[in-house]
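Here are a few notes to read alongside the model. They cover the pockets first, then some backbone details.

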Amino acid sequence: TASGSTLSGGVDGTWLTDLGASPPVNRAARDWHSSFFAALNGYGIESTASFSMELGNGDPSVAAGIAQRDPDGNPILLPTPSLQTNFSPTSLAFWQQCYALLAGLQASAGLTPFLQFGEVQWWYFPNNGAGVAFAGMPFYDAWTQSQFFAEYGRDMTVFTTNTENPADYPDEMAFLPNVIGNFTNSITTFVHSTQASCRFEVLYPTDTNDTPFNQTVNYPQPAWTPSALAVLKTEDFGFTLGRDFNEIEQTLEFGTALGFSAAQRAQLTGVSDPASPWLKEAQSAAGMHFESVVLWALDQFCLIGYGLPFNPGLRRSLRMGP
C-alpha cells in the first residue's frame, strides 16, 4: 500500500535475497562482471571469481532453511553484514546457480572459467568476531542435525568452543568436513555440466582455523585434493596484521603435506600498513614459485597510496673466506 505522495515518515524495509530468482544474480551485477571479465581478457589477465558462504541479505528464518545455527537455534549473523549460510540442499541449489552463472559470464568474455570456493567452511568461532557471542559453534541447523542423526543414530555433540580435542569426537570430526566436501563436489559437478573446462580453487584461511578442532572440521581432505583442485590458496590476514612471520611461513608451507606442489599453491596477502610484513610475505610466496600471489584489496592499496613497482627487497651475495 502506498504511504502517500512523499517519502516523509517512511522506513526502510527488510531486504532479503530471493532464493528462487532466476538468474540469481541481478542485472547490474551481471553487467558489471561481464564488462570486468571482458576488460581483463583484453589485457591478457586471467581471473578467478569467488563466492563464500556469506550472503549479504540472506533470510535468517527457520522457514528459509539456509542459515548456519548455533546450539540454541540462533542464526549465524556476521557484522559484514551477512548471514553465514549452511550446506543444506536449499542452500546448495542457490549456490549452484550462482557459481554456474559466474562461470558462464567468464566464458562469454573469452576467459577459461576459474572459480573459487572462498572460505566455504563452517563459521570459525562461538561469536561473530566483533564481540557478539553465540551459544556455541554453528553446526545446528535442522538439516545438518537430521543428517547426523540419520548416520549415527544420536544427536550431535554440542560444541560451545572451537578448542575441543578432535580426537575425542571421531563421529563429528568425520561428518562435519564431509558435509563441506559433498557440497563443493556437488557444485563442481553442476558447473561442469555446462562449463566442462571450468577450474576450481579453494581459499583456506590458516589464521581463523588456528585450532586443531577447526583444522579438522574445515578441511575435507578426501575432496580437496591436488587432482580435484587447480589451486589451493591460503590466506592469513590475522598473522600478517599481528606481524607473526613464523605463522606466515607455516601458512606458506600449508599445502605441502597435502600433496600440493608450489605450482598448485597460491597466497592471498592482505595489504596493510608499512610496518606489517605483507610485502615480505608476498615476496616469500613469489620466491617459492607459487601459482599466483594476490594482494587484497585494490581499494586498500589505492587508499594507502603504495607506489609501483614494489621494492624488490634487500638482496646481496658475497663470498666469505679465502
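For the classes used below, Ala, Val, Leu, Ile, Met, Phe, Trp, Tyr, Cys and Pro count as nonpolar, Asp, Glu, Lys and Arg as charged, and the others, Gly among them, as polar. Keep in mind that this is a predicted model.

1. Start with the second largest pocket, at about 280 Å³. Its lining of 17 residues has Q215, T216, Y219, P220 and Q221 nearest the centre. Two elements give two or more residues each, helix 4 (170-192) and helix 5 (212-217), and helix 4 has the largest share with 6. By class you get 10 nonpolar, 7 polar and no charged residues.

2. The largest pocket comes in at about 1700 Å³. There are 45 lining residues, and T48, A49, S50, Q116 and W296 lie nearest the centre. Helix 1 (residues 27-42) gives the most, 6 residues.

3. A297 sits in the loop between strand 9 (292-296) and helix 9 (298-304).

4. There's also a cis bond from T80 to P81, omega near -5°, with P81 in the loop between strand 3 (77-78) and strand 4 (82-84).

5. R243 is near 55°, in the loop between helix 6 (237-241) and helix 7 (245-252), and is partly exposed at 42% relative accessible area. H289 is at about 65°, in the loop between helix 8 (278-287) and strand 9; its relative accessibility is 64%, so H289 counts as exposed.

Conventions
Residues numbered from 1 in each chain as written. Predicted model: local features only at pLDDT ≥ 70, side-chain atom pairs only at ≥ 80, totals over all residues. Heavy atoms only, no water. 1 Å grid on protein atoms, 1.4 Å probe; cavity = no way out; pocket = protein on both sides within 12 Å on 5 of 7 lines; lining within 4 Å. Points joined across faces, edges and corners; volume = space filled by probe spheres on them. Helix = DSSP H or I, 4+ residues; strand = E, 2+ residues; numbered from the N terminus. Buried < 20%, exposed > 50% of the residue type's maximum accessible area, 1.4 Å probe, protein only.
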